[in-house]
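The following exercises are to be worked through with the sequence and the structure at hand. Each task is followed by a solution in steps.

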Amino acid sequence: MKHLLSEGRIGSLTTRNRIVMAAMHLGYAEDGYVTERFVRYYEECAKGEAGLLFLGGFKMHRLGGGGIGFLSIEDDKYIPSMKKMNARLHSHGAKTAAQLFHGGRYAFSFMMDGEQPVSASAIPSKLTRETPRALSIPEIHETIEHFAAAARRAREADFDAVEVMGSTGYLIAQFLSPVSNTRDDEYGGSLENRARFGIEVIRTVKRACGNDYPVVVRHSGAELMDGGNTIEESVKIAKLFEEAGADAISIQVGWHESRVPTVAASVPRGAFVFLARFMRPHLSVPVVTCNRINDPLLAEQILADGSADFIAMARALNADPYFAKKVREGRFDEIIPCTGCNEGCLDTIFGGQPSTCMNNPTRGRENELALVKSANPRKIMLVGGGPGGLEAARVLAQRGHRVTLFEKSKRLGGRLALSAIPPGREEFGNTVRYLDSAARRAGVEIICGIEMTPEKARKEKPDVLVLATGGITRIPNVPGIDNDKVILADEALTGGKPLGRKVVVIGAGGVACEVAIFVAREGRITPETALFLIENNVLPAERTLDLAHKGPHQVTLVRRGSKVGDSLGRSTRWLTLQELKNLGVRTITDARYVRVTDEGLLISLDGQQQMLEADTIIIAAGYEADPRLKERWAGAAPEIHILGDAHIPQKGIDAIYEATILGRKI
Ligand SMILES: Cc1cc2nc3c(=O)[nH]c(=O)nc-3n(C[C@H](O)[C@H](O)[C@H](O)COP(=O)(O)O)c2cc1C
C-alpha cells in the first residue's frame, strides 16, 4: 500500500494519504446548515484516516438547486457552523474541501419556489423534464461572482480547499457541452467559448481566495451523451481548466441523463479509471479518479500504474469510514464492503430521505446506534443465517451476549447469497462474506448444515431465541403448477434443475428480473473466449460480442401486475429494464395465469388466451412470511423474536436495519 498510503499534494495542500472521499449529498442539512448528524458522519471518516474529505455539494445560489436536506454556502450566516465542523474534522487529521454546486437545468423548479431553472441554453432536461431559461450575459457574470463569494466563505470557514462542480451535467458541464449549449455569443460555439464559463469561475475563485488556495475541478472525462464532447475534447477542457488555475482535476464520468450505468453494482470495479489514465499525461496537476473503486488492492494498483494521483471513493467510505485506517493496519478483511447497490444511499436520497448504507446501517445514525454493552449477558440462539440473522448475531455478541447461530443449509447469506449469483450482482456476495466474518470475529458460534427445531432448541435452553428463518416462496395458485417443468427461482439460480431452451419466468419483481437476466445470459461465452475469437479472427467481432452478451435461452417474463421491476430502487430499475430489453427478454404484464400444461403457460391477456410455450417455467413471484412459524416455535425459549422475511418479506437493507435494531434491544 506504498502508493495509497503515501502523502499527497494538491497545490499548497498536503494530505496524509491518497484516499479522498468524493462529495455526497446526504440529505442531513437543516435549512442549509451543517447538522450534528452531518458532522458525526464525517467525523467517522476523519477518525478513519481518509486524507481529504470533499463535503457537499453546497448550494451557492437560490437558483442552484439541490435536493431535500442540501447544504448551503450562499450566505455568510453559514460560516460559523462550518468553521466549528472543520475544527472537529481537522482535529482528527483530515483535510476538507467544500464542493461549490450549481445544478443549472438539473435544478427542480418545485425546490425553488416555482422559479424556472437556468442554464446555458433553453434546452429541456430529460432528468427533470423541465425547460430552463438561458442565462443572460450579466447573469453569467453574477453567477461567476456567486461562485467566488461561496469560495471566499469556504476559506473563511477553514475549508482547506474548494471543489468546483463541473461535471455530470450540472451548470458548468451544461456550458461545456454542445448538448445543452447552443449559444452564439462568447459563451457558446467553439470549445474555447463553451469552456469560458468554467474558466472564468476558476479564475474568479482564485482571485477571491488567493492563488495559494487550492481549487479542484470536478470534470466528466466522458459525457456519455449523444452529440456531447468527445473524450479528446474533454482532455482539452481539462487543460484549459488547469491553465485557468485548477490545482487538481477530479475525473468523473457521465451525465445524470446518460444511459450508461456509472455507479451501479454491475459496473465493473474501476471501469472508468481509463479516463484518468488517458487524461493524466496531458496535465501537470494531480488527477483524481473515481467510480466503483472499493478495494484497496485495486486502489493501490491504479496509483502504482500511474493512472491517477488520488483515489476518490464516495460509497466505499460511506460503507466503511474506517477504510483508510484498516488499510494502514492491514485489516483488509474487516473492511465493510460497498456493494454498489445504492439502496441505502442514492435510492434513499431519491426517495427524499437521508442517506445511509445497506451494509452499515449506522451511517447517518452514528449517535443513535452506538453499541452499549449489555448489563445482563444472556445465552442467545439465532436460527437462520441470512443477512438479518448474521447482523443481529454480530451486534448481540459485540454487546457481550453468548450467541450461537444455526443455519440449516451449508451456506450462509439466505436470499442475499442467491441474489449474488446473476451476472453483475457478484458484489452482493461480499456483503454475505463480510456479515459472516464480522459475526465470527465478534465471537458468534456459527453452525451450518444442522436444522434447528423447536424440540432441539428447548433442550439447549437458550434465554432468548431469534428466528430469522426467511420467508417461503409464494406459489401462484394455478392449475398444473405441479408440472415437472415448473421450478423455483432458487433452483434456477443454484443450477439445481436444468433449464430448457424456452423459459417463462412468472413474476416481475426484483427477483424475477434478476432470474430472467441470469437465464438470458446463461450459456454465453466468457469475455476471455470472446477476445481470443476476435484476436484470432475466428468470428467477426459483432457476432462474437453477441455470443458473449447472451446465451441460447429465449426468456419471457410474465406477471399479473402492471409494472416490471417495481420493487427495484430508482437508480437500478431503469438499468434492469434496459438490460432485459438488450437481452431480448419478452415482458408481459397484466396477464392472468390460466393453466400450466406440457406445452407451457396458458395466460389470458386482454380477454384473449395465449400459450407461452416453455420447456421450463420458473416461479419468481416473491416470498411471504411463514404463517405457522410463531405457533410451531411457541414455548421453545422464554423470549422469542421473529426477524426479517420470517416476519415480513423485505429488502436486504430493511432486514439488516431491523436486525441491527433488535441486536441493540435484547
Ligand atoms: C448518495 C450520493 C450522493 C452524491 N452526491 C454528489 C454530490 O453532491 N456531488 C458530487 O460531485 N458527486 C456526488 N455523488 C457522486 C459521488 O461523488 C461519486 O462520484 C459516485 O458515487 C461514484 O463513486 P463511488 O463509486 O466511489 O461511489 C453522489 C453519490 C451518491 C451515491
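Helices (H or I, at least four residues) and strands (E, at least two) are DSSP runs, numbered from the N terminus. The model is predicted: local features need pLDDT of at least 70, side-chain atom pairs count only at pLDDT 80 or more, and totals for chains, interfaces and linings use all residues. Residues are numbered from 1 along each chain as its sequence is written.

**Exercise 1.** Determine how many residues of α22 are buried, and what covers them.

*Solution.* Step 1: a residue is buried if 20 or more other C-beta atoms lie within 10 Å of its own, exposed if 12 or fewer, and partly exposed in between, with C-beta atoms placed from the backbone. Step 2: by this rule 10 of the 14 residues of α22 are buried, so the helix is largely enclosed by the rest of the structure. Among them are Ile-653, Tyr-657, Glu-658 and Leu-662. Step 3: the cover over the buried residues includes α12 (387–398), α13 (414–419) and β28 (639–642).

**Exercise 2.** Is Gly-471 buried or exposed, and which residues does Gly-471 contact?

*Solution.* Step 1: Gly-471 sits in the loop between β17 (464–467) and β18 (472–473). Step 2: Gly-471 has 21 other C-beta atoms within 10 Å, and therefore counts as buried. Step 3: two residues are in contact if their C-beta atoms, placed from the backbone, lie within 7 Å. Leaving aside neighbours within four places in sequence, the contacts of Gly-471 include Tyr-623, Asp-645 and Pro-649.

**Exercise 3.** Identify the residues with the most contacts inside the largest nonpolar core.

*Solution.* Step 1: a nonpolar core is a set of buried Ala, Val, Leu, Ile, Met, Phe, Trp, Tyr and Cys residues joined through C-beta atoms within 7 Å. Step 2: the largest such core has 207 residues, and Ile-311, Val-515 and Ala-516 have the most contacts inside it. Step 3: helix α17 (residues 510–521) gives the largest share of this core, nine residues. Step 4: beyond four places in sequence, Val-515 touches residues including Ala-489, Leu-493 and Ile-618.
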